[in-house]
Amino acid sequence: MVGKDSASRTVFNIFNYFVLGIFGLICFYPFWYLIIYSFSKPELANSGISFWFKGFSLYNFEQVLKLKGIGRSVLISVARTVGGTLLTVFACSFMGYLFSKPEMPFRKFLYRMLIITMYVGGGLIPYYLTISAYRLTNTFWVYIIPGMVSAYNVILVKTFVEQLPPSLEESAVLDGAGYFTVYSRIILPLSTPIIATIATFGAVGQWNSYMDNHLFVTDSRWNTLQYLLYKFLNSTQELTTLLQKGNTAAYQQQMKEASQLTPMGVRMTITVITIIPIFCVYPFMQKYFAKGILIGAVKA
Amino acid sequence: MVNVNNRRINKRKKNYKLLLWLLPFMIPVVLFSYVPLFGWVIAFFEYRPGSMLSSANFVGLKYFRQFLTDTIDMSRVIKNTLIFASLGLATSVLPMVFAILLNEVRSRRYARTVQSITTFPNFISWVIVYSMAFAIFSTDGVLNQILMGLGLTESPTNLLADVKAVYWFQTLLSVWKSLGWGSIVYLAAISGISQELYEAAAVDGAGHFRRAIHITVPSIMETFIVLLLLSIGNFISVGFDQYFIFQNPVTLRKLEVLDLYVYRLGLLNNDYSYSTAIGMVKSLISLIMIFGANQLAKKVRGTAII
């Protein structure tokens, strides 16, 4: 069936490979630029860099991680990603399982009550006042508690659990196992594909979020990496203060060592650090794209 | 037979233990999704942050009237929102085109590589997109370095602070970020098309183009229409992150969409009541549009989308 291509087909093929290749390059180049900039010698990169490293060096990474607040913000970001993901995976998978039980009283009403939250929200100010009223501002909990239950993740798990053969549960129920035992011993191990989907997408969401930090946390001890990057991008002032100011002798010594850092170099380096974890889970995520689309569709 | 009967009885018999397990998880739903709805009352009071609601003056529909009569800011913000929404609608056909092109590639390896690279930007935050845009498009950015090095421009340009470029530049950025991801749903739809259809068409003498136009396109049109209907409900929710991140004093005039306006009015100007009123109107319009889109879907496709 694969005969000789017609001339117009060949022209189209070349054009097609070219267009796709160009768009691929446009998507790739910004990431490449970040890499060559941050892995080059700061002063050389600052004088102009476009396609290749200039004096390959790890200096930026060594120094940036020592800057005040950066190391801690990395820890906070990791903590919220791990904690928030575990919490949301547990809550949503257990709820999904519970909602799959037809013997639940008021099931339709409660399920609708959950689904409505995807479409109706109080808006920014009422939400802000609510969070303040619960005294969640300036706490770590504001990162992981409010977003714990996500309606679309519950839908995903419920749909998945409903497809499992009921016979799998029955023997355990006959042995007198309760709902939680059935969930943790039988449902959870069988639901790994859907759990992995909500976990990876949830983790990326947690790692990427900065708005809760911006709105609810003014105490810099709880700053996340994304938010620090946002602040450095927005005010050069903030960044130069960080690069210059020092109150202790040890800190000043450290700053002397860091004196070669440039504002752009620091920005690029932090950007690379924030991308690395996503890059690492990306191949893993690709396996769950198909299910993730469902997340996207439900979300939309 | 006995078993079947038992099951039927079990189905009717409710188990209240389930509610006990569910309760701890429904509490946060109520606390974070339902309690804020009560905050809507401040739209009817002259409420200032820090004071008590009981001491605030009841002003009725004052802020809703203000919303309708404020022709300076409101018309600008609504215009921006509608322009971004329309540009988003116009570019929503691109993921479908991209998927068709990707499907026409013979080398699976090439297609997979392009797909992996172009999908990645979907998973990075707008903060990072901004950081990259800053490195590339700002005055000292690499684009200016290259253009000036080649002698194509005399003086550096800063796209990030160019008011004239705002609409198309932001649209291009969002296409860059979401095109690859958006095409996956179409690729899935294409892979579901029966190979026999193509073979039958080939036997009938249809070339590649005609097969793409007469088989691929109609087969994935359904997906396109569903996504289009879903997007109607979100038409005025053009997003917040992108505009919040990219705003600066120069471009704000054109970048300010409804959600950003609500944010600035409320949290920067402390105009809590008016900001809440606008948010309420926006929520109601969105709800009506979602409901409308759903009814439309029922008529067009016979099934609801939500």
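User: Which residues of α11(B) do B:V185, B:Y186, B:A189 and B:I190 in α9(B) meet?

Analyst: The model is a predicted one. In it, B:V185, B:Y186, B:A189 and B:I190 are the residues that α9(B) brings to its meeting with α11(B). Their counterparts in α11(B) are B:T216, B:S219, B:I220 and B:T223.

User: Are α9(B) and α11(B) roughly parallel or oblique to each other?

Analyst: The axes of α9(B), which spans residues 166-191, and α11(B) lie 9 Å apart. The two helices pack at an angle of about 125°, and their crossing is right-handed. An angle over 145 degrees would count as roughly antiparallel, and 65 to 115 as roughly perpendicular. The orientation of α9(B) and α11(B) is therefore oblique.

User: Which residues of chain B are in contact with A:L229, leaving aside its neighbours within four places in sequence?

Analyst: Within chain A, the contacts of A:L229 beyond those neighbours are A:I270, A:T271 and A:T274. From chain B, the residues in contact with A:L229 are B:V127 and B:S131.

User: What part of chain A is among the elements covering the buried residues of α15(B)?

Analyst: Helix α15(B) has 30 residues and reaches 42 Å, close to the 44 Å expected. Its buried residues include B:Y272, B:I278, B:M280 and B:A297. The cover from chain B includes β1, α3, α11 and α14, and from chain A it includes α6 (124-133).

User: Is A:R135 buried or exposed?

Analyst: A:R135 is found in the loop between α6 and α7 of chain A. Its phi is near 55°, a positive value in a residue other than glycine. Most residues other than glycine have a negative phi. Because A:R135 has 10 C-beta neighbours inside 10 Å, and 12 or fewer is the cut-off, A:R135 counts as exposed.

User: What is the phi of A:N138?

Analyst: A:N138 lies in the loop between α6 and α7 of chain A. A:N138 is exposed, with 12 other C-beta atoms within 10 Å. Although A:N138 is a residue other than glycine, its phi is positive, near 60°.

Key. Residues are numbered from 1 along each chain as its sequence is written. Chains are lettered from A and ligands numbered from 1 in the order in which they are written. This is a predicted model: local features need pLDDT of at least 70, side-chain atom pairs count only at pLDDT 80 or more; totals for chains, interfaces and linings use all residues. Helices (H or I, at least four residues) and strands (E, at least two) are DSSP runs, numbered from the N terminus. The expected span of a helix is 1.5 Å times one less than its number of residues. A residue is buried if 20 or more other C-beta atoms lie within 10 Å of its own, exposed if 12 or fewer, and partly exposed in between; C-beta atoms are placed from the backbone. Two residues are in contact if their C-beta atoms, placed from the backbone, lie within 7 Å. Axes are lines fitted to C-alpha atoms, for helices over the stretch in contact, and angles run from 0 to 180 degrees between N-to-C directions. Angles under 35 degrees count as roughly parallel, over 145 as roughly antiparallel, 65 to 115 as roughly perpendicular and the rest as oblique. A crossing is left-handed if the near helix is turned anticlockwise from the far one by less than a right angle, and right-handed if clockwise.
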